[in-house]
Amino acid sequence: MNATKVVAIILIVGGVLALIYGGFSYTKDTQQVKLGPIELSVKEKQTVNIPVWAGVGAIAIGGALLLFGGEKG
């Protein structure tokens, strides 16, 4: 399996996951205050939305790479 097929499969799987989940979230530590023995920190939950067109585009590009990427003219 060459690198073009691996990239194509990764794009297709990533595009399908983007369409299924629509995005991902992560937690970010933002502020930390130390007042003697007391420590305070704030955790923010950040969400990243992935547009539908990006998922469809990744699937289309991955499919095109699978169909036409391995041919040597």
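Colleague: Which residue in S2 does Thr-27 stand opposite?

Modeller: This is a predicted model, and in it strand S1, residues 23-35, runs antiparallel to strand S2, residues 38-49, with 11 bridges joining the two. Across this pairing, the residue in S2 that stands opposite Thr-27 is Lys-45.

Colleague: Which residue in the turn of the hairpin has a positive phi?

Modeller: S1 and S2 form a hairpin that leaves two residues between the strands. In that turn a positive phi of about 65° belongs to Gly-36.

Colleague: Which residues of H1 are buried, and why do they line one face of the helix?

Modeller: Helix H1 takes in residues 3-21 and reaches 27 Å from its first C-alpha to its last, while on its other side Ala-3, Ile-10, Ile-20 and Tyr-21 are exposed. What covers the buried residues of H1 includes helix H2 (52-68). The buried residues of H1 are Ala-8, Gly-15 and Ala-18. Seen down the axis of H1, these buried residues line one face because they fall within an arc of 95°.

Colleague: What is the radius of gyration of the protein, and what does the globule rule give for 73 residues?

Modeller: The elements run α-β-β-α from the N terminus on, and the C-alpha trace spans about 70 × 25 × 15 Å along its principal axes. The protein is more spread out than a compact globule, because its radius of gyration is well over the value from the globule rule.

Colleague: What percentage of the 73 residues is buried?

Modeller: Here buried means under 20% relative accessible area. By that cut-off, the buried residues make up 8%.

Notes. Residues numbered from 1 in each chain as written. Predicted model: local features only at pLDDT ≥ 70, side-chain atom pairs only at ≥ 80, totals over all residues. Heavy atoms only, no water. Helix = DSSP H or I, 4+ residues; strand = E, 2+ residues; numbered from the N terminus. Expected span 1.5 Å × (residues − 1). Buried < 20%, exposed > 50% of the residue type's maximum accessible area, 1.4 Å probe, protein only. Arc of directions from axis to C-beta. Contact = heavy atoms within 4.5 Å. Pairing = 2+ DSSP bridges. Rg over C-alpha atoms; globule rule 2.2 N^0.38 Å.
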